Amino acid sequence: MKFPGGYKFKNFEGMAEPILRELPVPETVFIPLNEKGLINQTPTFTPSIEKGDTVRAGERLLQSDSEPLISIASPVNGTVTGCDEDGITISSDGTEGFEPVEGHTRAPWHLGREDAFNLSCSSGCILLFNDSFSSLSDLDRVKHIIINAVHNSPLNQSWSPGITGDPNIFYDGIRTLKVLFPESEIIIAVNKRNMKFFNTPEIKEHASAVILSGRYPQEHPELLSRDTVHKRLVSPEGVYDSSILLIQFLDVIRIAETMTRGRPFIDRILMIAGPGVSRPGWYRVRIGTPFEAIRHHLLKSDDYGPWRIVRGGILTGESVVSPDASVQPADTEISVIREYAVRDLYRFINPGFTYDSYSRTTAAEYIPLLPKQLDSNVHGGVRPCVQCNYCDEVCPVGIYPHLIRKYVVADRADESFRFRPYDCIECGLCDYVCPSKIDIASDVVKAKEEYHTRRREIEISD
Ligand code: SF4
Ligand code: SF4
């Protein structure tokens, strides 16, 4: 047990291998258009196709309703079989080809800035920025670009920056960013194990690499911002600092693939890992691929399960329950763990060679040889808080979860504000280490929400 702020995960079953594979083109793709799907941001989009149309992968499927014209490409070759307010369904012909991006160029840094911006919009790359930019002057507000190449989550310990096999692609992505954001400082946040990749004269000419902690959740945006540019990304009131742009390493690669190689934005590179995955690793997956297709191609038989599919990381993701769920541009990770609802009998007398637990009664704590199990069970009932302070010690933002919880449970959340619940980044580590199985994080989040509600009320009354 060594946790002053953050946690180093080691040796879990189903960890991703640093290999990139491609999932077969699915039989159908579904692009939802509701608030949970692709079109969950401004500007709004309108379909450029109708039911019955034949489309090529890379051909425009949707376009923005306002300037600049942003296009979203069809992920597959096939026929549109549905197009309504819920979404677009395309029946794929199974072929892998695609239309190259119109106007792509091997060296977008030789384009003028405006032309590079227009290409980023017409190719859909602009949507990879977690911010909405509608003009060059919007880009000018960005002073710091932080590229996230840190990987510390339980299943993601061996990621490699050379995963795509193209040695120059990241450098091309950096140069493309530099054209779009000429005045911004570019910082690459890295794990020590990957530093060599970024330590080249070409990359150093445009960006600086900063080695950050190897403990989860260092890759969280707020911690990346704190530990690179020493600024808060989100204020206690919930306001984003728009001078900071955070972008994932693989999104820089995707921008370079689209703008410099002409591969349209038709797929995502996802980590698909966990004990339920037959070959855990990274996969190129067409956008709109149903989760059922992932289950069909990659999940182990239910004889070893059944399996719970989690969209996102194990500690923070959401269980996928809808049969219509499909891969969307915002997805980066899918975890598959054992659905294990039955409570173990006499767990307390089991030596626990493969359990991760903080009750200090498991053999894995002392003999950490076997991969630790991952499943959905909390392995025991909730017990009273024993004041062990593990949650305080593991919290990466230095707040006191168990004290905040006390006030929330007593229905006096406002008295917890002095312990800064608004700083919680919802990493889930306090739940993970609690020996009493208390769902502390959800109480801290309740206090955080209460804080924001009170602030809004004060603003309205002012
Ligand atoms: S209180 Fe929030 S930030 Fe701290 S460990 Fe719990 S979930 Fe993470
Ligand atoms: S909430 Fe859990 S981890 Fe925190 S002090 Fe209480 S028993 Fe320990």
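Reader: How do the residues of the shell around ligand 1 divide into nonpolar, polar and charged?

Author: A residue is near a molecule if its C-beta atom, placed from the backbone, lies within 6 Å of it. Ala, Val, Leu, Ile, Met, Phe, Trp, Tyr, Cys and Pro count as nonpolar, Asp, Glu, Lys and Arg as charged, and the others, Gly among them, as polar. Here the shell around ligand 1 has 13 nonpolar residues, one polar and one charged. This is a predicted model, where local features need pLDDT of at least 70 and side-chain atom pairs count only at pLDDT 80 or more, while totals for chains, interfaces and linings use all residues. Residues are numbered from 1 along each chain as its sequence is written, and chains are lettered from A and ligands numbered from 1 in the order in which they are written.

Reader: Which residues are the closest to ligand 1?

Author: They are C395, C424, C427, C430 and A441, out of 15 that surround ligand 1. Helices are DSSP runs (H or I, at least four residues), numbered from the N terminus. Helix 11 (429-433) and helix 12 (440-461) each give two or more residues to this shell.

Reader: And which residues come nearest to ligand 2?

Author: Look for C385, C388, C391, H402 and C434, among 14 residues around ligand 2. That shell has 10 nonpolar, four polar and no charged residues.

Reader: Which domains does the protein chain have?

Author: Domain bounds come from an automatic or database domain assignment. Here it gives domain 1 (20-99 + 264-338), domain 2 (128-261) and domain 3 (382-461). The C-alpha centres of domain 1 and domain 2 are 24 Å apart.
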